[in-house]
Amino acid sequence: MNIRAQVSSVFHLDKCIGCHTCSVTCKNIWTDRKGAEYMWWNNVETKPGTGYPTRWEDQEHYRGGWDGEKQPLQLRSGGKGKGLLNLFHNPDLPSMDDYYEPWTYRYQDLFQAGQGSDQPVARSVSMVTGQPMDPQSGPNWDDDLGGSSLYAANDPSLEGLTPDERQQLFATERMAFFYLPRRCNHCLNAACVAGCPSGAIYKRGEDGVVLINQEKCRGWRMCVSACPYKKTYYNWTAGKSEKCISCYPRLESGEMPGCYASCVGRIRYMGVLLYDAAGIAATAGLPPQELAAAQRELILNPHDPAVIAQARRDGIPFPLLEAARQSPVYRFVKEWGLALPLHPEFRTLPMLFYVPPLLPVLAKVEGGVADMAQASFSSLEKARLPLRYLANLFAGGNEQEVEAVYRRLIAVRLQRRADSVGDLSAGEVEQAAAIVAPQVAREIYRMSALSSIKERIVVPPMAREMAIEAHTDPHEHRGANGFGARLAPARRW
Amino acid sequence: MSWIQDIIDPQARTWEDFYRNRHQHDRVVRSTHGVNCTGSCSWNVAVKDGIVAWEMQATDYPPLAGEIPPYEPRGCQRGASCSWYLYSPLRVKYPYLRGVLQDLWREARSQHDDPVDAWTSIVESPESRRAYQQARGKGGFRRIDWEEALEMIAVSTIYTIKKYGPDRVIGFSPIPAMSMLSYAAGSRFLQLLGGVNLSFYDWYCDLPNASPEIWGEQTDVAESADWYNSKFIAVMGANLGMTRTPDVHFLAEARHNGTKVAVLSPDLNMTSKYGDWWIPVHASQDGAFWMAVNHVILKEYHHEAPTPAFLDYVKRYTDSPFLIELEKRQDSWQPGRMVPAAKLTPYREVENGEFKFLVWDETSSAPRMPLGSLGFRWQERKGEWNLKMEDGLDGKPISPRLSFADENDEVLKVRFDDFAGTEKLLRSVPVRYVESDRGTIAVTTVYDLLMAQFGVARPGVAEGCARDFDDETAPYTPAWQEKYSGVGRDTVIRFAREWADTAQRTDGKCSIIIGAGINHWYHANLTYRAGIVALMLCGCVGKNGGGLNHYVGQEKLAPMAPWLTIAGALDWTRPPRFQNTPSFHYVHSDQWRYERAVDEEQLNPASHDGPLAGGHTMDHQVRAVKRGWLPFFPQFNRNSLDLAAAAQADGAKDAPAIVAWSVEQLKQKQLHFAVEDPDAPENWPRLWFIWRGNALSSSAKGQEYFFKHYLGTHSSAIAPETARDGVTEAVWREKAPEGKLDLVVDINFRMDTSALYSDLVLPTATWYEKDDLNTTDMHSFIHPLQAAVAPCWEARPDWDIFQDIARKVSELALVHLPEPILDVVAVPLQHDTPAEMAQREVRDWSRGECEPIPGKTMPGLVVVERNYVDLYQRMLSLGPGARENGLSMHGLTWSVQPEYDELLASRPVHQWDGQCYPSLERASDAANIIMHLAPETNGEVAYRAFVAEEKKVGLPLVDLAEKNRSVRTSFEDIARQPRRLLTSPCWTGISNDGRAYSAYCLNVERLVPWRTLTGRQHFYLDHQSYLAYGEHLPTYKPKLEAALLQDLVASEPEGRTIALNYLTPHGKWGIHSTYGDNHRMLTLSRGLHPLWINDRDAARIDLQDNDWVEVYNDHGVVMTRAVVSARIPEGIAFIYHAPERTVGVPKSPLRGGRGGSHNSLIRTRLKPNLMAGGYGQFTYGFNYWGPTGTNRDTFVLIRKLEGEPQW
């Protein structure tokens, strides 16, 4: 047993609007500068769809994550040894086209155009070359694009769907789509850390945040190819790789990360999870279908006195344990079994979990007339998205895992309907209560619907004074903090 | 796991300061976004090094009471991208003037001592005029200094006032609620000088006419938190995920609380995702669906198993028990007017008896006259305007009978309209015979007419009704609607049953969230009504969790009364000149000239022939103005100042004499309404101020006609002028004028399309650079805008800019308009005034059908005094009118004398001419004045307003204000934390004690009447125009046929082309045109605003996703790229509202020039019966009533662009 603490997350996809406020907030604060134009540390994808960079989930192509065929696990991209051999030619890197060529517009032409014979216009120009360009792809090109033969049809997670199920996804009345917000998962078994030839990437002990040291990074980009989620990015101006930092400067000040604070769908939950680091290797090597459950097993009960005692022995401070007990993430993932990791088969043990979306009842279409009167409420039996697809996304193909989550989500809803309207049969209510006990259903409902931002996002105390004390007297630091030159984020070597 | 490094050396982590330094900032200021967006989200703006670095949502909204999710956080992707504008290359940093005009101006200035003479020499020279007008929109801007810009504006203002009259100076600024002071700055200036403010809500086609029709209310809705209280939410025409981004969590969360959500939408949209049901209804056919839902509800829950709560509700709160006279017309009976009490002997002498109406009392088995109708509202004796079911004559309780089905004198065969079918329907209706002043008349109830209209067969009254739900031939059955809506009958039936069951179990917690996707259609009022009928039938209006929630465009300006006083300059002069924009642009931008009467009249089928229906829309428009139904400016073909002077010269000594003289002139046809000859140069609008808005693009329906006729520049419209032979009421001039406007001034912080096409662009402060106030109907808080940084470069807040312009005008007036001068102002018959009783019968004085009587048979005429020298001082001073007249709203007036005096004592004052006034000089002071005088923010004022309301209504109400009496909310307070608005008689909800605001709770719980004819909610609309057009009962009119729309008369298919219905729903990457041109939103979308098309439709023209397309029709052309998806059904295409034509738009090979905006493909179309006026709730109110600028019934041709786009 080796207990560590990590600031972890749940995204409740049923509530996600796909508004991208998270992405814009992040961009405003962190990546609105030269070399970082194309980076979206946080992005939102429409599913089914191909995402950003395009088809990032296709590891046959990008070779990210860990190879489950080999024990002990090895990076698909070949690990450090192979990485070093390929330092100057990394065939697995996404190209600029896979992301997109960042562009802007010659807005100033609207002011500066001389008197002419037609209306002036601000043309699009490349932010890389400065030349006029006609954008062909972007970080969200397939937004809201269910039913597209170009994008939705090329979603790697459609694998295994029957031809009928596939066809349904491209019929106007029967199709579906939902949103998948993505950021760095701050994985337990992070491939980027393993892939870095410079040893520049590390996982912070106090909060599990994975960081790329901007002084040590030499821009080899092995982290870019190693990360199966494509959540590290190469800054082509600074010559270093960068990634989501979980807004640690905000966390350290007791403030929630930007994308959480700005999540207007109120889908984001954050809190501390305790886990057993000793179990990582064994867990990550299990067959794909067992991974979601096994990862859940790694997470420890912060209320268990034995866990608390061991955690103290492993150096986890009391306030952090207190925060772990308040963690909504623990409840969603462990207590309630409602949240699953994204693509556990990549074996990085991602610490961001998703509650899958309920979607409308599937319509029956006959003679141009659509009918959905077979069911009143979203149900599994009349579900719009095949379970197979959701299982491919969230459970390494294990449909039972996903089905169990849906059964519970629906059971909570039906109990609330029964309580607030009372138009369900006694049998239906009993059945729902058997799946989720009424008291638990009420707690799930409260957390899903009523919780305030402080209940949803529990930022643990970070004990900065102790961290600073390791190199400077905090009393001294207090007065000197911030003095000195700030360096522009530009290439310095 | 050796590669997971535990870094021991703390020095190795000091680099982490890299990101910490970026994040550290110096100041956080609360502000919000001040135009278009109605989200009213509180934002924290972070300032670093004196530069706005980013914005982040505030999360400190005080919670509502009870089990309801909190409001935090509010704010979306668009708002989060606002800070991009401040320092961007799109920012207007300095005043700009087009070089051609500058050269002309400087030349003229050098030749004329007087600047007004200089201006005259330019605008009155056809050559100069053409030179700078044709240069509009074609580049050539030059930076100029503020003083030069201000002088030119003031000169043009003075010139226009003197030469043509002040009502040729117009201003457009939309939806004030979001930055109400910035709006008020310009409107106050315009109203002080006698200029014209153009409306927006109706023009945007956001005004849901059904709301004034049914409730006499512009719009009142629940705050979004109240969605959570609803147990069945039907969403239609509203894409909440896209457009109500900060609120949609309440929908998702309500579902988690067991609420059923049904989304009606032709495309699988962002909101369908939240639905239990996504009902893929055919575009615009939701009305057919709801008509059938109503059929099921009436049959099963009213007739077969009557639900006591539903029957009780419709009796108490709707017009359903009121008596309607059946009229014999040709061979058949038809529903006619509501029976006025004065027609019956017992009530003959009653005051306003023509406007008090009758129900059938079960106890006395006779017609009785319940309290609360219009006549009680405006009678001498106060306190009888309430919803108590008591007789107005003797106070006896009335037990109204809903139906005569069981007890009648006869069952008559009555004709009903079936606008989708070919034949009139004959259905049986039970009647009682009543002795009236015209002998025996047959009367029935509204309820019986409803049953018959919906075809519900009842014993004894079954003839002509539907056999059963599967009867496809009977209008409004579930089977009937399938062919229109594309929705299965089983779905309709189950929907209706679940709806009614839920309402029954929860006391009315069913709601409809509705929006532009319905309201932008020509027959939107009918679709709305069909939905509202389902709400009323199940007792859902006026309940928390129930009702119609329309969130488009209006957006509640909560402290309305004091704001309107300032914005309308009512503290100095009244009435203001407020113009309904749909009529204005329809007429002045000459869109009427392209409309063919024979086509138009088929679009709106009439119930029967008669003078009130049919003919060219322009004729309806002209008649509506002459009758006083709608305003129109310019008023007359003469300068309104000259008119008063001429009257005086002719011996008119006082105001009544000037009015009488003017009426005589009209009667003698010596004076004409300008609307009768809009293309005559003396009737053109001349000077246009645009601020806070995009009047020449996102607000320019028929953009290419704007360019041609207003601006006189290039246009890609090719439509033939077809009105000539159809118009009888207006003068047809062979050559339509091009370039009516002398000067267009745009006040803007971004170089948008309006700025690009204006003559003069003034740099304004962004929303992070000024102080202002912001409210909405989406929630119940009031927010500040605040300057996080001072206005950048040479920008100034609108508040200050209009003061500067006023100063300059007053300076020039010393020479040009030195004396106070009289002005004759025309006012239409207004809602919430006794003019609601002006016209029981429609008569036309100009045809000699009656006398022209101002304020009765024609517009009111009011003589006011203008003082141009004092205009600047008045701008800055809250005038004595506020103290003397008190504040008014909805016909309710209360004093604010103590508060006015408190302002003088405790807040900054402005002194001039020996007098002292509360100062409006600084925006933050004005904000405090508004908040100190508003019932919504000052508890004592709320109390006083409720005292006044109590007197009118005659029932206790002040208890609603008692607890909050000590509340005073100031600008400083809301800078600290959002504050909740107080319950106020100006609105219809009750929000005390943390209760969520829901509309009409005040009416239902406290028996305050709705402001309608009966004082109740109306199923039945008996305005003669409505009877003529067959819209007296809820009904269905079919989708407009493409062949009649005149979109494709001159346009030919070019190569492989497809014709599709062209829709412009509100989009994801902009709020109207704001944000849609910024780098963030363009990057997250496709770098432009694409055309969305179904995959099968795309295949028909060999179109792939991402291909460039040319989209065109007679009105104009759009160049964009295609997004191909099965998400969009066949037959329709989307371009989300509202792209700029300034960013990423290539040229059109077909039309030659630059592609247009989405509004290039549109010609607006007015629905004539929405011009109805002079009677009850059918009386004019600014943004409140009138035809809307419909735009969705439009067809376009689409073809793939061959080769590379040309720039």
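UniProt positions are given here in the numbering of this model, with feature names shortened, and such annotations may be inferred rather than shown by experiment. The model is predicted, so local features need pLDDT of at least 70 and side-chain atom pairs count only at pLDDT 80 or more, while totals for chains, interfaces and linings use all residues. Residues are numbered from 1 along each chain as its sequence is written, and chains are lettered from A and ligands numbered from 1 in the order in which they are written.

An unreviewed UniProt entry places the feature "domain: 4Fe-4S Mo/W bis-MGD-type" at residues 26–90 of chain B. This span is 12% helix and 28% strand, and its end C-alpha atoms lie 26 Å apart. Helices (H or I, at least four residues) and strands (E, at least two) are DSSP runs, numbered from the N terminus.

Chain B also holds an open sheet of five strands, in the order 10-9-8-18-19, with parallel pairing; two strands pair if DSSP finds at least two bridges between them. Strand 10 (277–279) and strand 19 (547–550) of chain B are the edge strands. Within chain B, strand 8 (residues 232–236) and strand 9 (residues 260–264) run parallel and are joined by five bridges, and B:Phe232 has B:Lys260 in strand 9 as its bridge partner.

Turning to the interface, the contact takes 104 residues from chain B and 106 residues from chain A, where two residues are in contact if their C-beta atoms, placed from the backbone, lie within 7 Å. On the side of chain B that touches chain A, helix 17 (residues 489–506) of chain B gives the most, with eight residues.
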